[in-house]
Amino acid sequence: MTGFGAGRAQVEGDELTVELRAVNHKFLEVKPRLPRELAPLEAGALKRIKERLTRGAVDLVVRRSGSGSGGGEPTIDVALARSWARAYRELAEAIDLQVEPARMLSQVASQPGVVRLEEKRVDPALLEQALHAALEEAVEALLTMRAIEGQALRADLEGRLLQVATWVDELTALAPQAVEEHHQRLTQRVAELAGQVNVDAARLAQEVAIFAERTDVAEELTRLRSHLEQFRTLLDAPIPAGRRMDFLAQEMHREVNTTGSKSQHPEIAQRVVSLKAELERIREQVQNVE
């Protein structure tokens, strides 16, 4: 299922922001983007996400803002600065020049390594704690959004399952009717071909029995009803059930295919086509289910 969640946490004057964006995916795939200084915490963040989510392509974006994230703090190498200042004074004395203090200071400060930026040091344990707090808030928001979408998906699936069950009931009623109609057609055809010749009723009954056995779909319809009941049960499951729903949808499609191949009755064939189309829609929706 799709969803978005964001969370924030403070750590020593800085703010960590975590954003999670999820779209449909058969499995769980997390793509992290963290600041360089938070790279050591990536594995722990991924582990926490995988403990809460089971399906979806998830983008994890972490940002750090504040005094410690703007390029670092300026640090002066005093010993190096004194060495440069001494060198400038010696040079000025050697060529008999007067050097202004402000100008010397500017020249010394511009030398490589005299003034450099260093990242603000933050306790790694505090960073990890803040990241996990922000991540937990983002996951909860994501799950809340997914739950809302899940209710809409549930309503849609329930309506489609009801339609499938209705067509299965109609197939159950049509199956014996198809045998009876075949009996009538066969009897009429034999009578037309035989003319005044007596027809062997036993042989005719045998042909009808063979047809009935070849076109019997009772087992397929029984299994189809069982799959429907299992699917409805999964709608109330407290644990992720998307993959099992996907499996059941495939199995229902298999039973419908077998039913269609066994029977040539036009009304049965019509409902088989409708069932296939509806089950395909169910399979598409199930891909969105956690």
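Here is a quick tour of the chain, its sheet and its helix packing. This is a predicted model, where local features need pLDDT of at least 70, side-chain atom pairs count only at pLDDT 80 or more, and totals for chains, interfaces and linings use all residues. Residues are numbered from 1 along each chain as its sequence is written, and side-chain values use heavy atoms, with hydrogens and water left out.

**The chain overall**

- You'll find eight helices and six strands in the chain; these are DSSP runs numbered from the N terminus, with helices being H or I of at least four residues and strands E of at least two.
- Starting at the N terminus, the elements go β-β-β-α-β-β-α-α-β-α-α-α-α-α.
- Out of 290 residues, 35% count as buried, meaning under 20% relative accessible area with a 1.4 Å probe, protein chains only.

**The sheet**

- Four strands make an open sheet in the order β1-β2-β4-β3, with mixed pairing; two strands pair if DSSP finds at least two bridges between them.
- β1 (3-11) and β3 (28-33) sit at the edges with a single partner strand each, so one side of each has no neighbour in the sheet.
- From one strand to the next, the twist averages 15°.
- β3 and β4 (residues 56-65) run parallel and are joined by six bridges.
- K31 stands opposite D59 in β4.
- Helix α1 (residues 42-52) lies across β2 (14-23), β3 and β4, and runs at about 145° to β3; angles run from 0 to 180 degrees between N-to-C directions, and axes are lines fitted to C-alpha atoms, for helices over the stretch in contact.

**α6 against α7**

- The axes of α6 (residues 218-235) and α7 (residues 242-262) come within 9 Å and cross at roughly 160°.
- That is why α6 and α7 are roughly antiparallel, a label for angles over 145 degrees.
- α6 passes α7 in a left-handed crossing, which has the near helix turned anticlockwise from the far one by less than a right angle.
- Residues in contact (heavy atoms within 4.5 Å) include L224, L228 and F231 in α6 and L248, M252 and V256 in α7.
- By class, this contact of α6 with α7 has ten nonpolar, four polar and six charged residues; Ala, Val, Leu, Ile, Met, Phe, Trp, Tyr, Cys and Pro count as nonpolar, Asp, Glu, Lys and Arg as charged, and the others, Gly among them, as polar.

**α7 against α8**

- α7 and α8 (residues 266-286) pack at an angle of about 170°, with axes 9 Å apart.
- This makes α7 roughly antiparallel to α8.
- The α7 and α8 crossing is left-handed.
- Among the residues making the contact are M245, A249 and V256 of α7 and L275, L279 and I282 of α8.

How values were computed:
Angles under 35 degrees count as roughly parallel, over 145 as roughly antiparallel, 65 to 115 as roughly perpendicular and the rest as oblique. Buried means under 20% relative accessible area, exposed over 50%, partly exposed in between (1.4 Å probe, protein chains only).
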